[in-house]
Amino acid sequence: MQSQIIDPAKIEQNHHHEAVEAHHEAHPDHRMFGLVVFLIAEGMIFVGMFGAYLAFRSMLPVWPPAGTPELELLLPGVNTIILISSSFVMHKGDTAIKTNDVKGMRTWLAITAAMGAIFLTGQIYEYTHLEFGLTTNLFASAFYVLTGFHGLHVTIGVLAILAVLWRSRTPGHYSNEKHFGIEAAELYWHFVDVIWIILFGLLYLL
């Protein structure tokens, strides 16, 4: 009967692998849950601001106050189409990485970041051509605060996407099994889009 030789190195390797698996089982990944909680908190801030805006609107007999120049709809409308479309583009990037298409993921995310930058450029252009300032009246103050705070979130979203693109330069950093960063950036981007749809309706259409 042939004797079997036990390799101590293999035993140690198996022990280490089992220890790593046990460690992961003992510490489940709650990052996505944490992000959802964070977005809920951010959403509550926006809800408070929306509520304040509606309260201001209900207290004044004329809204916007008399003398407030009418807002143009063309540029914000185009901006809205760009931002909403970017959510679908972002989702294409998430779909690509789940098939291990890293190149496709990079392409779709780069397009999303570019669309976000175009949105911000359009918003800045609108600011420079508005016929009222931050302190003109209550409507003007609410307008700048709401759109400015949202613009800050769009900027953060663009930076998050660029961070994902930068980290994707490392081979194997993202794959069909490891893509939390992409999913987190996508969820945040969808959040930003939903907030803008509400803002557009309140400020430009209502």
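Tutor: Helices are DSSP runs of H or I with at least four residues, and strands are runs of E with at least two, numbered from the N terminus. This is a predicted model, where local features need pLDDT of at least 70 and side-chain atom pairs count only at pLDDT 80 or more, while totals for chains, interfaces and linings use all residues. Residues are numbered from 1 along each chain as its sequence is written.

Student: What makes up the protein, in helices and strands?

Tutor: The protein has 6 helices and 0 strands. From the N terminus the order is α-α-α-α-α-α.

Student: How do you know that the span of helix α2 agrees with its number of residues?

Tutor: The expected span is 1.5 Å times one less than the number of residues. Helix α2 (residues 31-59) has 29 residues, so it should span 42 Å; its end C-alpha atoms are 42 Å apart, which agrees.

Student: Which residues of α2 are called buried?

Tutor: Buried means under 20% relative accessible area, with a 1.4 Å probe and protein chains only. In α2, L35, L39, E42, G43, F46, M49, F50 and Y53 are buried. They pack against α5 (138-167) and α6 (180-205), where contact means heavy atoms within 4.5 Å.

Student: Why are α4 and α5 called roughly antiparallel?

Tutor: Axes are lines fitted to C-alpha atoms over the stretch in contact, with angles from 0 to 180 degrees between N-to-C directions. Those of α4 (residues 102-129) and α5 cross at roughly 155° and come within 9 Å. Angles over 145 degrees count as roughly antiparallel. Therefore α4 and α5 are roughly antiparallel.

Note on methods. Side-chain values use heavy atoms; hydrogens and water are left out. Buried means under 20% relative accessible area, exposed over 50%, partly exposed in between (1.4 Å probe, protein chains only). Angles under 35 degrees count as roughly parallel, over 145 as roughly antiparallel, 65 to 115 as roughly perpendicular and the rest as oblique.
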